[in-house]
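This note sets out a few points on helix packing and on a pocket, for discussion alongside the model.

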Amino acid sequence: MDVQPVFCNKGDFKEAVISLKRIDKSEQVKKQNKELQYIISILDTALDNALQGIVIIDQHGMIKYANDKFLMHWDVNKKQALNKYITTITKEDSLIKILESGEADFSPFITSSGEEYFVSRLPIKKNGEIIGVVAIGLIKGRAGIENLVQKLNLLESKVNFYKKQLQIVSSSRYTLNNIIGKSRKIIESKEMTVKAGKNNYTVLIVGESGTGKELFAHAIHHASSYKYGDFVRVNCAAIPKDLLEAELFGYTKGAFTGASKQGKPGKFELAHDGTIFLDEIEDMPLEMQSKLLRVIQEKEIERIGAIKPIRLNFRLIAATHENLKEMMEEGKFRKDLFFRLNVLKIELPPLREIKEDIPILIESEQKRDSIKITSPTVKLLKSYDYPGNIRELKNILDYAVSSCSDNVIKERDLHSNICNQVINKQNISLDYNLKKVSIEAEKNAIMNALRSTENNKTKAAKILGIHRTILYNKIKKYRLSIYREA
C-alpha cells in the first residue's frame, strides 16, 4: 500500500507546533500541581499530628487552616471552620488584635471547655505587610508553665555546675575577688590587674616567692577576653632543659627517640585562644629565650620535627622572683626578650611591707577553717617577718589549726621558730634603742659643757672627764654646730 505524503501550508504547521507546546505545558502544570498537592498533604498531615493546636487566619480574619488539636476544643470540624471569621469559632479576638498591632504575643487562652493554654501568636508578614496570623498552643495551664520553669531552672543549675567544673579543670580558678588585702600596694597591684585585663599585652609579674604571682595571673586571665579559653601554667624551673622545647612547642610523630607515635601538642598549642603563664621565667635557658622571643613576635610555633609552622592566638603572662634587669646586665637574660615581656609590669609587695593586711588574711583563713584566734596571737603574727610571704602565713595557720584545741589558736600553738624570731627582733630593737638614748645623752652633755665654759674645749673636756682630742672628734662626729672657735 502506498503512503501518500500530506502537505500543509506554513501557517498550519506553526499552529500545530503551538498546539503541541500547549499540550506539553499543560502536562508540566499538571505534574507541578500534583507535586504541590503532595507537599501540601504532607504538611497537612504533619500539622494535624502536631502535639499543639494550630490555627492560621488571613489578613481579613478568616480561618485558612486549623488542625484537629485546635478544632477539638470548639466541637467543630475543618469543613465547618474553614473560611469562617475567627471570632465565630473561638468567641475571642486575640488574633484580630495581632493583625492590627503587628506584634507577637504569648499569653493564656481559655477554650470553650474552660481549659487554659498558653499560646504563642505570631504575625505573618510578606514584603513588610501583614497577611495573616498563626497561633500555636504551647503549654497547658499554669501548672505547665510552673513545670517548665522548674525544668529550665534545673537545666540552668546543671549548666552552671558543669561550667564551674570545666573552669576548674581547664581554666582560671581565681578572680580579682580572691585577692585579699586593703593596703595601698595591694590596691595598686589590683588596679594594674584590671588594666591588664582590658588589653592583650604581655604582662610581667614580679615578686618574691609566696606573694601570689600565680593568683594574679589567674585574675588577669579571668578579666580578659581570653577567659573562655584555657589557662595553661608552665613552671620553667620544674622542666628539665632538654625537655623544655618539646613541652612548650610539642613534636611530631617520630621526631626523636622515645617520642609518642601520635606526636604531642605543646603548651602553647593548648593555650590557643587562652592564656599561657610562664612562671619562674628567669630559669629559661638562653637558647630557649631566643625561640620564645620569636613565638611572641610572630604568634606561631613549630613542633619539633615539623615542616610548617602553626599560627596561634594566645595571651602571655610571665612571672619571676629575680631581678631580670640585673640578670640582663650580667648576660644571663636576653635584653630583647626582657623588653618584650616588660610591656605591663605588676610588682607584688612582700608581706613584711603590707603588715596591715595580715589581720585580713588571718580572718579569711578563720572563715575557711571555722576557727578563732586570740588577740595576743594575732599581735605576735603581725610581728613576724614572713620570709615565705603569704604562702608561709597560710602554712603557719594550717600548722596551728592542727595543733590547737577547742578550735582556738593561741600563742603556744604557733611554731617555735616564729616566737624565736620575734623575740630576737625585739632584743635587737631594744639594744638599738639603748644605744640611741646613750648617744643623745652624750651629745647633750657635750653641748652643756661647751655652753658652761663659753666654748672653751680644754675646760669642757676636763668637766666631761675626757681628753681634749677626743672631745674634738666627738664634736666632729655628731656635727655639733653650737660651738665656734674661741
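At what angle do the axes of helix α9 and helix α11 cross, and within what distance do they come? The points below begin with this pair; please keep in mind that the model is predicted.

1. Helix α9 covers residues 241-249 and helix α11 covers residues 286-298; their axes cross at roughly 10 degrees and come within 11 Å. Angles under 35 degrees count as roughly parallel, and α9 and α11 are therefore described as roughly parallel to each other. The crossing of α9 past α11 is right-handed.

2. On the α9 side, this contact is made by L244, E245, L248 and F249, while α11 contributes M288, K291 and V295. Five of the residues in the contact of α9 with α11 are nonpolar and two are charged, with no polar ones.

3. A second pair has another arrangement to examine. Helix α18 (residues 457-464) packs against helix α19 (residues 468-477) at an angle of about 95 degrees, and their axes are 9 Å apart. Since angles of 65 to 115 degrees count as roughly perpendicular, α18 and α19 are therefore roughly perpendicular to each other. K457, T458, A460, A461 and L464 of α18 meet R468, L471 and Y472 of α19. The contact of α18 with α19 comprises five nonpolar, one polar and two charged residues.

4. The largest pocket has a volume of about 750 Å³. Its lining consists of 25 residues, and G210, G212, L215, I390 and K394 are those nearest the centre. Helices α8 (213-223), α14 (358-369) and α16 (389-403) each supply at least two lining residues. By class, the lining has 10 charged, eight nonpolar and seven polar residues.

Methods. Residues are numbered from 1 along each chain as its sequence is written. This is a predicted model: local features need pLDDT of at least 70, side-chain atom pairs count only at pLDDT 80 or more; totals for chains, interfaces and linings use all residues. Side-chain values use heavy atoms; hydrogens and water are left out. Axes are lines fitted to C-alpha atoms, for helices over the stretch in contact, and angles run from 0 to 180 degrees between N-to-C directions. Helices (H or I, at least four residues) and strands (E, at least two) are DSSP runs, numbered from the N terminus. Angles under 35 degrees count as roughly parallel, over 145 as roughly antiparallel, 65 to 115 as roughly perpendicular and the rest as oblique. A crossing is left-handed if the near helix is turned anticlockwise from the far one by less than a right angle, and right-handed if clockwise. Contact means heavy atoms within 4.5 Å. Ala, Val, Leu, Ile, Met, Phe, Trp, Tyr, Cys and Pro count as nonpolar, Asp, Glu, Lys and Arg as charged, and the others, Gly among them, as polar. On a 1 Å grid over the protein atoms alone, a cavity is a set of points where a 1.4 Å probe fits but cannot get out, and a pocket is an open set with protein on both sides within 12 Å along at least five of seven lines; lining residues have an atom within 4 Å of a point. Grid points are joined across faces, edges and corners, and a volume is the space filled by probe spheres set on the points.
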